[in-house]
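Please look through the sequence and the model before reading the points.

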Protein chains: 2
Amino acid sequence: MKTETRKDEIIKTAAKLFKEKGYSAVTMRDLASAMGMKAASLYNHIKSKQEILKEIIISLAEEFTEGLALIQKSNISSIRKIEEVVKLHVNITSQNTYGMASLNNDWMHLEEKLDYYLELRANYEQNLRQIVVEGVEQGEIIDENIEIMLFSILSTLRSLYLWIPKKDYLNPEKLSQQLSTVLVKGINKKID
Amino acid sequence: MKTETRKDEIIKTAAKLFKEKGYSAVTMRDLASAMGMKAASLYNHIKSKQEILKEIIISLAEEFTEGLALIQKSNISSIRKIEEVVKLHVNITSQNTYGMASLNNDWMHLEEKLDYYLELRANYEQNLRQIVVEGVEQGEIIDENIEIMLFSILSTLRSLYLWIPKKDYLNPEKLSQQLSTVLVKGINKKID
DNA sequence: CAAGCAAACTAACAACTGTTAGTTTTTTTA
DNA sequence: TAAAAAAACTAACAGTTGTTAGTTTGCTTG
């Protein structure tokens with residue numbers, strides 16, 4: 001792992017600002033000021049504002065794609081796969097909560113890379129759907145509306161970037177485990 | 001119910017644009033163009049861009065606050081209360097998916113009304129927490145991490161604005177019922 | 001049909017936007 | 001320590017922003 005370049009610092013700082021106000025509301029002068037420099041100086045390190053957003057979002061999207069591919073070809077039950085997906089989201093989000101905000105809220109400003117992002121996203125959802133479908137077929141998962149189950153799981157996992165920075169934060173392992181429990185078993189008390 | 005004023009049309013159109021690109025990326029000229037008029041003409045109906053956002057967000061936030069207050073004082077079990085909260089979100093979101101996007105993503109641009117919004121939001125979460133706490137005390141809800149259960153439920157309900165406009169949409173009653181099932185009972189198949 | 005009014009228009013503003021060009025300063029390297 | 005490279009700077013640009021002022025259009029009503 002190489003030491004962090006100035007470009008990396010800019011991207012990290014930008015992600016933080018993008019989370020607070022959204023991509024469009026952050027100006028290059030805001031970003032420069034947060035970096036302790038003038039706006040023009042940023043262009044010694046980056047090509048454009050656009051490029052910053054692209055770097056933030058695409059690298060994360062590819063990380064999710066690769067992570068899910070690994071889970072999918074592993075030889076475990078569907079429920080276990082879903083537990084691994086929870087871990088994947090918790091781990092990636094823990095390492096980059098700021099970037100996850102852009103991934104969720106600023107992807108529409110991607111321009112040239114928008115189609116590529118949408119493709120990655122559609123594939124990700126399709127692969128996760130596949131896991132759920134197999135779980136239903138094998139009798140591990142209830143035969144309810146698959147889209148609703150998918151929506152509920154993904155909504156929760158995509159919102160992790162809002163929750164993880166809070167004070168009552170657990171370590172990634174505990175969070176993953178407890179979140180899996182809630183998503184898989186629900187919240188109601190079983191009658192023993 | 002009075003007939004829709006020009007101001008209402010502007011707010012509705014703005015909400016649609018805000019959902020697509022976010023508040024900051026929508027210009028008054030974009031909005032005017034979508035209304036078939038010139039930007040300056042908007043100011044015959046509204047005070048500022050800011051005011052449009054305020055109207056969209058605050059009215060929705062108050063609707064949620066009032067709805068939850070009603071549920072809270074009703075004489076039903078905690079699980080039933082949570083099912084009513086699901087209905088509340090599904091109903092409000094069904095009637096205004098565009099506005100819900102602003103409520104979720106653009107609240108940080110509220111300026112003068114920001115504190116009021118944050119107060120409503122904190123109260124809402126506290127009241128929902130109260131329902132879950134009571135459910136645990138009365139043995140209806142599992143004794144897992146309450147914040148995680150709350151987070152999972154709220155994340156799903158707050159994302160409804162993304163899901164409801166999709167093609168495979170159910171009517172509000174069916175959606176509420178199936179969503180409640182997934183949130184309360186989870187997705188795993190019980191061993192009979 | 002004249003008066004009044006709501007709602008559109010044109011023109012313009014000052015501030016702000018992302019970005020470029022050219023220059024100076026600082027750090028690294030030989 | 002001199003040269004080269006990296007990273008900051010100042011100044012400026014052309015276009016865009018929300019908004020105001022003043023004017024014109026078109027509908028409603030007495």
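This is a predicted model: local features need pLDDT of at least 70, side-chain atom pairs count only at pLDDT 80 or more; totals for chains, interfaces and linings use all residues.

1. Residues are numbered from 1 along each chain as its sequence is written.

2. Chain A has 10 helices and zero strands, where helices (H or I, at least four residues) and strands (E, at least two) are DSSP runs numbered from the N terminus. Its C-alpha trace spans about 65 × 35 × 30 Å along the principal axes.

3. The contact (heavy atoms within 4.5 Å) draws 43 residues from chain A and 43 residues from chain B. About 3700 Å² is buried between the two chains, with carbon and sulfur atoms giving 65%; buried area is the accessible area (1.4 Å probe) that two parts lose on being put together, summed over both. On the chain A side, I148(A), F151(A) and I187(A) lose the most area to chain B, together 20% of what that side buries.

4. In chain B, the axes of helix α4 (residues 49-73) and helix α5 (residues 78-95) come within 10 Å and cross at roughly 155°. The pair is therefore roughly antiparallel, a term for angles over 145 degrees. Residues meeting across this pair include F64(B) and L68(B) from α4(B), and V85(B) and L88(B) from α5(B). By class, this contact has seven nonpolar, three polar and three charged residues, with Ala, Val, Leu, Ile, Met, Phe, Trp, Tyr, Cys and Pro counted as nonpolar, Asp, Glu, Lys and Arg as charged, and the others as polar.

Methods:
Chains are lettered from A and ligands numbered from 1 in the order in which they are written. Side-chain values use heavy atoms; hydrogens and water are left out. Axes are lines fitted to C-alpha atoms, for helices over the stretch in contact, and angles run from 0 to 180 degrees between N-to-C directions. Angles under 35 degrees count as roughly parallel, over 145 as roughly antiparallel, 65 to 115 as roughly perpendicular and the rest as oblique.
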